[in-house]
Amino acid sequence: MSATAIRTARSARRPSWARRAAAALLRRPSRRSALPLVGAVAGLLVAAVGLFRPAPRAVTEVPSGYAALVNQKGVLMSDFISEVESRYTKSFDQATPAERAAVLHDMINEELLVQRAVLLDFPETTIEVRETMAQGVEAQAAQQFWINPPTDEQLRAFYEKTRADYTTDGTMIMHDLVMHIGGFENANQSTPQAMADAAEAVYQLRSGASMDYVKEHFGFEVGALDGTEEFDFSAKIKLKDALYEEAAKLGSGQVSDPILQPDGIHVLVMDMRRPPTIASFDSVRDKVYMAYQRAQGDQATADTLKILRSQAQILIAPGFSE
């Protein structure tokens with residue numbers, strides 16, 4: 001019997017499913033159906049290479065420039081030196097081994113806590129951590145201004161632009177006299193009549209008449225201020241804007257013209273006035289320096305955010321805006 005006949009006989013004895021499987025294996029697949037198979041095999045080979053590649057060797061020595069490694073994360077030597085000098089207010093070389101050890105111990109603990117926070121996804125889920133991280137980026141953006149202190153010329157220029165921020169509060173001792181319309185001599189008193197009476201009262205006050213006499217004779221009552229010394233900001237709150245504007249014009253010993261207000265006619269008698277004064281640059285230089293640094297830091301943050309926004313994709317839910 002020939003070989004072909006033997007193969008044919010054996011094939012006839014196989015079950016039908018076996019014959020179909022053999023035919024599928026012997027049939028040459030098309031290029032289109034083979035491509036996914038090739039891709040899958042290639043992917044498995046790449047994964048196998050990565051799986052059996054040896055893991056990166058752990059660093060067993062602290063690299064130059066670091067004081068310690070914590071789970072392969074470095075504690076910078078520069079940070080270590082800065083922390084020692086800040087805590088003990090002396091140079092790193094003057095610090096004792098015990099002092100250095102205490103600082104390094106705390107810095108390692110801090111690094112462990114930071115790594116734990118990252119593992120727990122604190123930067124994503126905890127508001128306090130997110131705020132601290134944002135502040136850290138702001139500080140980094142402003143660092144260039146803190147490294148190079150401003151010159152006196154820069155500070156003086158900044159002071160001239162912000163002089164109002166260094167104004168000391170003025171004070172005043174003043175009487176606010178109020179004449180209610182219709183309250184003097186007859187209930188039918190008109191507004192013009194009341195204004196005329198108030199003008200006469202002002203004339204007598206300016207001529208040296210006592211306040212008690214004028215109050216009794218013309219029917220004035222005590223208004224918002226009763227002769228107690230007040231800071232300007234406090235006087236403004238009590239008098240409201242219209243009356244305070246007139247009061248701010250008065251010097252010590254002066255009397256205002258009658259001022260018509262919804263509650264009556266007011267006459268302001270300024271017993272003593274100490275106007276606000278602007279502090280000199282030399283006396284507030286430290287405050288100017290701090291304000292200048294804050295302003296530069298705010299500008300650096302604004303510039304950084306402008307760049308970040310230009311590079312970011314920001315989507316806002318319908319119905320909301322920023």
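What is the relative accessible area of Glu322, and is this residue buried or exposed?

Analyst: Happy to! Glu322 has a relative accessible area of 69%, so this residue is exposed (over 50%; buried is under 20% and partly exposed lies in between, using a 1.4 Å probe and protein chains only). Before going on, please note that this is a predicted model, where local features need pLDDT of at least 70 and side-chain atom pairs pLDDT 80 or more, while totals for chains, interfaces and linings use all residues. Residues are numbered from 1 along each chain as its sequence is written, and side-chain values use heavy atoms, without hydrogens or water.

Glu322 has a partner: its side chain meets that of Arg309 in a salt bridge, 2.9 Å from N to O (a side-chain nitrogen of Lys or Arg within 4 Å of a carboxyl oxygen of Asp or Glu). This pair joins distant parts of the chain, 13 residues apart, with Arg309 in helix H12 (285-311) and Glu322 in the segment after that helix (helices are DSSP runs, H or I, of at least four residues, strands are E runs of at least two, and both are numbered from the N terminus). Arg309 is partly exposed, at 45% relative accessibility.

By the same rule, the count comes to eleven salt bridges. One of them joins Asp106 and Arg87 at 3.0 Å, N to O. Here too, distant parts of the chain are linked, since Asp106 sits in helix H5 and Arg87 in helix H4, 19 residues apart. Asp106 is partly exposed at 34% relative accessibility, and Arg87 is partly exposed at 36%. Both belong to a network of salt bridges that also takes in Glu83.

Lys90 and Glu99 make another salt bridge, with their closest N and O atoms 3.1 Å apart. Lys90 is partly exposed, with a relative accessible area of 27%, whereas Glu99 is buried at 17%.

Asp176, in strand S4 (residues 171-179), gives a contrast. This residue is buried yet has no salt bridge, and the nearest side chain of opposite charge, Lys238, is 11 Å away (Lys and Arg count as positive, Asp and Glu as negative, and His and the chain ends are not counted). What does lie close to the Asp176 side chain is the backbone nitrogen of Ala224, 2.8 Å from one of its polar atoms. Beyond four places in sequence, the residues in contact with Asp176 (heavy atoms within 4.5 Å) include Glu221, Leu239, His266 and Leu268.

Terms used. A polar contact is a pair of N or O atoms within 3.5 Å; within protein, one must be able to donate a hydrogen and the other to accept it, and residues adjacent in sequence count only if both atoms are side-chain atoms.
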